[in-house]
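Biologist: I am new to this structure and would like a close look at a single part of it, the charged side chains and how they pair. Could you take me through them slowly, in one connected account?

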Amino acid sequence: MQFATVNDVILHHQLIGGPAGRPVIVFANSLGTDFRIWRDVVVRLAGDFPIITYDKRGHGLSDLGQVPYSIDDHVLDLAALLDRLAVKDAVICGLSVGGMIAQGLASKRPDLVKGLVLCDTAHKIGTTEMWNARIESIEAKGIESLADAVMERWFTPAFRRPENAAYHGYRNMLTRQSAVGYTATCAALRDADLTEETKRLSVPTLCVVGDQDGSTPPDLVLSMARLIAGARYEVIKDAGHIPCVEQPEILTEMIRAFIATLPAGDEPHG
Ligand SMILES: O=C(O)CCC(=O)CC(=O)O
């Protein structure tokens, strides 16, 4: 575990070394989660690739910084973290708002990005009214008041069985998240429309979505995939919004197969 100060915030991150000459895979997490959601994918890839996971500002053990945020704040944080770690030409695998950060990074700093894996995300997520209602509700009643509804979007009924300890653990992750960091990121999502930037992307891209995603459903993810020249689109069966938790094996194999299609390089990493 490591901490780095970038753009005046401390970002909690983890760098797991891997063979030289393989692209670094960077995982960016979703709203209300921290980097532990990637654990079951990371353990399957560790040893074959260098890996970076990090908590975006306002999440996990990272600082809050100035609130509210814009999507650019999150993009510039990831760019600064990768510069700090001397990483270029990485594969950025982003989930939901993490996928928007990945799209923004590829647009603003193409030197950092060799390929994109866009999981359960879009060029625009939700409406101004929806995000404002969520912010107001959390400011009035806290994250707990919305937690059951969020769980229904994140996970399939099979995962939400009362006897599934993992379900309760991820619910704890959400409800213990900083409400201020959460609503500050809701504001970033509300104000972000990446349609024009995403249309101009020319980096190899894989778009994936859980077939039962209640936050960014398959049709929305497909509409993003259609904006990106040459992007591939895959649906993961029996998964909600967070396939790295529900179907880590399948997602890992998709990531491996995608990376195998990328031109080989000699990517530097610190
Ligand atoms: O997960 C995200 O990063 C944003 C999409 C969302 O609203 C997730 C949820 O349904 O709570």
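Modeller: In this predicted model, Arg171 is buried, because its relative accessible area is 15% and the limit for that label is under 20%. The side chain of Arg171 meets that of Asp148 in a salt bridge, with N and O 3.0 Å apart. Asp148 lies in helix α5 and Arg171 in helix α6, which spans residues 165-175, so the pair ties together parts that are 23 residues apart in sequence. Asp148, for its part, is partly exposed, with a relative accessible area of 45%.

Arg44 counts as partly exposed, at 34% relative accessibility. Within helix α11, Glu253 and Arg256 are three residues apart and so are separated by about one helical turn, and their salt bridge has its closest N and O atoms 3.8 Å apart. Glu253 is partly exposed at 45% relative accessibility, and Arg256 is also partly exposed, with a relative accessible area of 24%. Elsewhere, Asp83, Lys88, Arg109 and Asp111 are linked in a network of salt bridges.

Arg134, in helix α4 (residues 128-141), is buried yet has no salt bridge, and the nearest side chain of opposite charge, that of Asp213, is 9.8 Å away. The side chain of Arg134 does make a polar contact, at 2.8 Å, with the side chain of Tyr182. Leaving aside residues up to four places away in sequence, Arg134 touches Leu31, Leu146, Arg153, Tyr182 and Cys186.

Two of those names lead on to the ligand, for Leu31 and Arg153 are among the residues that come nearest to it, out of the 13 around it. A polar side-chain atom of Arg153 lies 2.5 Å from an oxygen atom of the ligand, and the protein buries 99% of the 310 Å² that the ligand exposes when taken alone. Helices α4, α5 (144-154) and α7 (179-191) each supply at least two residues of the shell around the ligand, and α5, where Asp148 lies, gives the most, with three residues.

Notes
Residues numbered from 1 in each chain as written. Predicted model: local features only at pLDDT ≥ 70, side-chain atom pairs only at ≥ 80, totals over all residues. Heavy atoms only, no water. Helix = DSSP H or I, 4+ residues; strand = E, 2+ residues; numbered from the N terminus. Buried < 20%, exposed > 50% of the residue type's maximum accessible area, 1.4 Å probe, protein only. Lys, Arg positive; Asp, Glu negative; His and termini not counted. Salt bridge = Lys/Arg side-chain N within 4 Å of Asp/Glu carboxyl O. Polar contact = N/O pair within 3.5 Å; in protein donor to acceptor, adjacent residues only side chain to side chain. Contact = heavy atoms within 4.5 Å. Near = heavy atom within 4 Å. Areas by Shrake-Rupley, 256 points an atom, 1.4 Å probe, with all protein chains shown as cover.
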